[in-house]
Amino acid sequence: MDKIDLPPLGPDDLPLSLLEMGCSGRFELITHPLPSNRPLPPQSTLPHGLPPTSLDLVTEVEKCFLRDPAWLPIHDTDDAFQKFLKLSKREKEVDSLLHCPTTPLHSGLSVVRDPTTGMLLDFTEVLLEHTGLSAKNSLSLQRAPGPPSESLRGSNTNYPFLPGGMEELTLEHIKKKSDLEEDIDFENDLFTVPPGLKSGMDFSDKDTKTTKGEVNLLSLLSAFDDVIDALPESEEKEKNTEKGEKPKLPRTNSLEDLGIKDPVPSSTPSAGTTRDKTDAGIKKEEKGEEGEKKRWAVPVNITSPCDDFYKRIPDPAFKYPFELDVFQKQAVLRLEAHDSVFVAAHTSAGKTVVAEYAIALSKKHMTRTIYTSPIKALSNQKFRDFKNTFGDVGLLTGDVQLNPEASCLIMTTEILRSMLYNGSEVIRDLEWVIFDEVHYINDAERGVVWEEVLIMLPEHVSIILLSATVPNALEFSEWIGRIKKRHIYVISTVKRPVPLEHYLYTGNSTKTQKELFLLLDASGNFLTKGYYAAVEAKKERTSKHAQSFGAKNTSQSTTANQDRAIWQTLLNFLSQRQQTPVVAFTFSRTRCDDNARSLSSLDLTSATEKSEIHSFFQKSLSRLSRDDRQLPQILLMRDLLKRGIGVHHSGILPILKEVIEMLFSRGLVKVLFATETFAMGVNMPARTVVFDSIRKHDGTGFRNLLPGEYIQMAGRAGRRGLDATGTVIILCKTGVHEMADLHAMMLGKPTVLQSQFRLTYTMILNLLRVEALRVTDMMRRSFSESHRDTQAHEKRIAQLRSTLSSLPPPDTEGQLSDLVSYYHTITELRITTENLQRAVMESVNGLKTLSVGRVVVINNTQHCNALGVILQVSSDAVNRTFTTLIICEKGNEERGNAQSNSSPPRYNTTLFIPEGPCSHTVQKLKPQDITAITVKTLKVIPERIIDNYNKRQQPRFRMDPPGQAISTATQELLRLAEANPEGIATLDPVNDLHLKGVDVVEGVMRQKVLQESLKDFRCTHSPTFPEQFARVQERMQVQEELDKLLFLVSDQSLTLLPEYHQRIKVLEALNYVDSGGAVQLKGRVACQISSHELLLTELLFENALSPLAPEESAALLSCLVFTQNTQVEPHITSTLQESIDRVLCVAHRIGELQRECGIAQTVEDYVSQFKFGLTEVVYCWARGMPFAEIAQLTDVQEGTVVRCIQRLDEVLKEVRQAARIVGDSVLGSKMERASLAVRRDIVFTASLYTH
């Protein structure tokens, strides 16, 4: 292309420019000189001019690549580049490289006005706080907002906002010195040696003598008047102490502490104790007048009516067309006061009212509310309900984002978690978070997400928890209150608004169709009469053979024909009695389908209902392509629905499920065969609920339904305002269930909320990213650690510390110098001996030796090293007792007279010998009372001894002399004691009792070493030894209790701490974090990924996905989302097979590394999580095969396939994000193409609820 040289501007060329006036197209000519290096665009009066009509691409490219200095390596010196610079006529502008963002202003102007007239008097300069804060360096809400693109979901480089209730820890953070930190000495050399340097510089004038304490830290605290009053006094003190040692000011948490403590005239104690006292002081202040122990959960009384409701809320944020129940009114009052509430109410009691009021309040306050639900289907349903009520509602699920700037956002809990970790700007405006179906926290897989979200929510957000009735609502609320430092008001309903009646049904033909027996009436009485009537009815029809089994004959299963007969009979009976709609809970998807199919002759709808169903069905599915509308499942369901029968489980296509739900809520589906998921939150009450069985498979084996599960499902019966009572029917197909099982299931306590908190790599990496948040903080705040009563421990620690400081110090001079080590040796010896004795008492050989006539040494509160002989051994293996004759002092026969002596000063093996006349007692001893088994045995007649002793316990025979047998045995024991005063030979656990355990052998050796070492101690010869030893003992006991409590309040006692260290080891070995805990590139990538983060990140960094085509990578990644077992072997390409082997190899490697680092999961368990049953299906789907054909390739049901592909799309998006962080644009665009390939047709048809 020829270059055209334009002649330079001559003197006769007028400096003209065009000015565009507004949008009208009028131009004015301006004549003022132009800057030399600018082109001549028309200038405009609009801020940005008119939008360009057609961009000249050449100019655009030229501007971007030739004129923009940032693109060009200015400092390149090769000839070609210099030539290019000449050609493009571009001067070097070196300054343009030095681009530096302007620092924010640290001060601003404030206006001073006259307070009466408001006249402007002056401007003053004020310093601005929080100017350097951003989402990348601060947890504060004062930080500047991030870019708009990150405002909704945040970014994984952002800090989260500071979680509520965590503030007090930052003080401890400051208090705990790092290795490099040292105490600043405010009195010595602070003006000459800077903190952290060894030497400094003396700036003082040598001639003039410096006066001490001219600049005192306290003089800076001018804010504290009381301190200033005390100043002269403190300076005086300084002068006095100047001659002696200068006191070091302790390092404290705040200037206030210094101010408060310094004026106290007493001498400064050591820094350590002062700091401890400061802690205690702060803690006391925090408690204030809260009383002994603060309760965070406040139960609200809902038995008395709320009369002044309309007085207290004259202008409610939301008006209901009906009168609210007491519990709803109480909740609304709490919401108006901006308090957090936990509403545990029965099904269909009206919990949603509380949620709606919160949404209305936030609209009134112009803030935002987030409504979280455990299930996507529930989110969609709530979106429709709230959209109809409020209009301004948004929805965020994995694959849908509707109206994200709305004031009420509905989302799944996982999305809220990622928003909190990624510092989303939505959190700033958030007033309420509503957690629906909180009892889902018991879910082993996902329960941890609820706990994470509750812990991570900032202080300004109030919490609303909605749940079915749970027995430990108070305990759960207490935990939330404690971690959030705010009261949680607990509101629970007493009874269901529509009571339930529970029946047993034994009918199976027209003749027996009325066999319905009431088992539990509406007021909750269990009627055994009904139970026995059902058993009788069932017996009449069974053969003679089966009669002998009675009610136990429930294990046999029924045939399909018998099932059909039972359902046919029951449904005819219920429709005659107008008891429809019915939900029939069946705990197997195939049984749901079979039952529905078998009812081919049943028709429950009228002609008008049929036409309504038909038109609704056609309209709902009009969005699908023609092929998809002909899918077998859709055709079958259309036929069933017309007759009023529906099926609802995870294998049904999502769009069909929604059609069925909508028809059911309109009352057009008369019978719905559903699995347990239908009861989870989907608000679809029926008139009758039928249980096909009361046993279900929970993933590991078959078991009876838990009371919580039964109530959750049975609670679907009874529609408020339509039915007086709800009917629950349990089918007795093969026989009547055991009465005990039925009773436990219907009247048992619902499942308590339990913590499912566990550590995940994503959680650890997300918290390690932010220095101010620690994983241990998260663990300490989890519900599983809610039993830690740190407050009470702290109080006791303060008491023990003061006790310790008040105890007189022991004398450890001269002869007593080894007193403390003597105490430690004695303690260790005592513990070793006790452990050995316990091992002996628990062993078979040890118990064999403890037979009648064996002489033993006894130590308890009453006896010290007394000899006894065993008379009788109880046969109870759990609480074994030994009836023993023991010698004792005259007058010490009774247990009551025991002088409880503290453990003896020496390691005492000296046997007890009575000082006066020898007496005896017979007692039942526990195993721990026997401290040694001797080698001696005596011949005794146990029956005579026991009878004689018992006889002499009666008042009339009390003065009788002891019998011959007792006297002989007592004399023998006394003779043994006198013959071996220093201690009698005992059975050796290893040589005599043949105990070969490592602990026992080591214990015996250690015991011998310790006994030998006791001879070398000098302190025992000191005359003051007993007194000094008692002091040491008292001091040590306090110290031991203190150490134990300090351990309990420290992080070291956290249950999950060992696992945390193991997981950190794994992350370090894989290079996700470095040895200092800083998150590396791999760790940043893993933060993006929500599940199986290690495997996916490893595959990314090993380029395992690079050689694959988009559809192959989608097929490969399906192993992360598919969890079922299939019988069909997929046919796949060789490259895909190689990649599968590679994935399994990486998984195996990670599994082995986890085992090496100590994590309990076996390699096989880890690898078996990844199932490749859907690879072929996904591969064909991504290549464009119609859904009807891919459904033929596998035995997995259509609904499951759709759900897996939807979840796969989320994984593909995560991988795309991750590829962007790594900088692999090729992989990123490949994932984009894979995502586009799977997002089509019936799999990604929009939900009916969102339209």
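Biologist: Which residue's side chain meets that of Glu1098 in a salt bridge?

Modeller: This is a predicted model, where local features need pLDDT of at least 70, side-chain atom pairs count only at pLDDT 80 or more, and totals for chains, interfaces and linings use all residues. Residues are numbered from 1 along each chain as its sequence is written, and side-chain values use heavy atoms, with hydrogens and water left out. A salt bridge is a side-chain nitrogen of Lys or Arg within 4 Å of a carboxyl oxygen of Asp or Glu. At 3.2 Å, N to O, the partner of Glu1098 is Arg1149.

Biologist: How many residues apart in sequence are the parts that this pair ties together?

Modeller: Helices are DSSP runs of H or I, at least four residues, and strands are runs of E, at least two, numbered from the N terminus. Glu1098 lies in helix α36 (residues 1093–1101) and Arg1149 in helix α38, so the parts tied together are apart in sequence by 51 residues.

Biologist: Is Glu1098 buried or exposed?

Modeller: Buried means under 20% relative accessible area, exposed over 50%, and partly exposed in between (1.4 Å probe, protein chains only). Arg1149 has 37% and is partly exposed. Glu1098 has a relative accessible area of 4%, so Glu1098 is buried.

Biologist: Which residue meets Lys696 in a salt bridge?

Modeller: Lys696 counts as buried, at 10% relative accessibility. Its salt bridge has an N to O distance of 2.7 Å, and the partner is Glu676.

Biologist: Which residues are linked with Lys696 in a network of salt bridges?

Modeller: Glu676 is partly exposed, at 25% relative accessible area. The network links Lys696 with Glu676, Arg703 and Glu709.
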